Amino acid sequence: MADALGGAIAYASQGLDKGVGWGSYADWGITAVYGEDSDLVGVAVDAMEGPLVSLRGIGLIARVPSAVDAELRDLARREGASVRVIRSGDPEIGAWGVSLGAQQEQGLSPEGYVERRDRAITRALLVSRELADDPYGSDAVKLWRNVSTVRPHPGVWPVRSWQERPEWDWVPLEGIGPLRFGMVPQQVATVLGESPVSRGGRYPYGLPWEGPGEWILEKERFDRAGVTAHYWCIRGRLPILSAVTVHGRSGPQVEYAGIRLIGESVEAVDAALIRYLDDNGLVLSYGCGGDLGAHGLGMYVRATRTGDSMISEARFCSAGWEDHG
């Protein structure tokens, strides 16, 4: 693979010395997925950095998702190919080894800084014949991106209007709405008045504060409230609430300095936040994935997809969350 890419080096990889594995080539905007005996079985093409791949004249990369979906379905109908809908809500065509996906578009500000856009654009996973029946179910692809815990797309992209959303107060580093950092899971469920619709976690990595063996609860999703609770676990103690993600499509409205943070244009929220922080001599902070926040407050504006567009959501964290979250 490196030879085919002119000697490119994978800046991130896993398992390349063991046969099954993957390597990400940032300069080319692709991730190579390898199966048994290090054979190339898949290539994931990034929406922003990857090459503009076409299938029968249909551009697959960096386009409006609904447009590519419609064109692929029309081609599949004409050629008698079957189209599946995967967990992300995007099409997958086994006959061609194509799985479509989407990510947030980015651009450059007038000052030359990278900034987030309100548009979702297409990316793709292209696989060999032996993986085509179920690409994301294969061991090779799972090692790169395991989507088994991703919530299946319900088929629609409903977004609550701001009038339908309750308003929650946020106390930086202490809590949000009725939730207070340090609560145990039962307290969270009681305060929200509902049981979680899903739970996520993992087995210990062997770190000293985790201990061996027992499954560790990391997060719980509450659909009626429109939030996800994130937990921190220390050996011998119950998990404690350490962060809350307020969902962009369904969560309560939360404000910071008069800026509505939830369910809004990501571009508008980012611009307003940067302007406020700059005007008041405060420091802008960047979280994982380019999320913007105010330094020291434990708040990051995130983005979630609504079909062809992106809207804002936010994560509110306890002190020290960034160190272990």
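The expected span of a helix is 1.5 Å times one less than its number of residues. Helices (H or I, at least four residues) and strands (E, at least two) are DSSP runs, numbered from the N terminus. Helix α1 (residues 65-79) has 15 residues, so its span should be 21 Å, and its end C-alpha atoms do lie 21 Å apart.

The model is predicted: local features need pLDDT of at least 70, side-chain atom pairs count only at pLDDT 80 or more, and totals for chains, interfaces and linings use all residues. Residues are numbered from 1 along each chain as its sequence is written, and side-chain values use heavy atoms, with hydrogens and water left out.

Stay with α1. Its buried residues include P65, V68, D69, L72, L75 and A76. Buried means under 20% relative accessible area, exposed over 50%, and partly exposed in between (1.4 Å probe, protein chains only). Down the axis of α1, the buried residues fall within an arc of 135 degrees, so they line one face of the helix. That arc is taken from the directions from the helix axis to the C-beta atoms. An α-helix has 3.6 residues a turn, so residues three or four places apart point the same way. R77 and R78 are exposed, on the face of α1 turned away from its buried side. Among the elements that cover the buried residues are β5 (54-55), β6 (58-59), β8, β9 (98-108), β10 (114-127) and β22 (299-306). Contact here means heavy atoms within 4.5 Å. After α1 comes G80, with a positive phi near 70 degrees.

Most residues other than glycine have a negative phi. A62 has a positive phi, near 65 degrees. A62 is partly exposed, at 28% relative accessible area. L173 also has a positive phi, about 70 degrees, and is not a glycine. L173 sits in the loop between β11 (170-171) and β12 (175-176). Its relative accessibility is 34%, so L173 counts as partly exposed.

Now turn to β8 (residues 91-93), the strand that contains E92. E92 is buried, with a relative accessible area of 4%. Its side chain makes a polar contact with the side chain of S99, at 2.5 Å. A polar contact is a pair of N or O atoms within 3.5 Å; within protein, one must be able to donate a hydrogen and the other to accept it, and residues adjacent in sequence count only if both atoms are side-chain atoms. Leaving out residues up to four places away in sequence, E92 touches S82, V83, R84, I86, V98, S99, P135 and Y136.

R180 lies in strand β13 (residues 179-180). R180 is partly exposed, at 37% relative accessible area. A polar atom of the R180 side chain lies 3.1 Å from the backbone oxygen of G177. Beyond neighbours within four places in sequence, R180 is in contact with V171, E174, G175 and L241. R180 and S242 are 62 residues apart in sequence, yet 8.6 Å apart in space, C-alpha to C-alpha.
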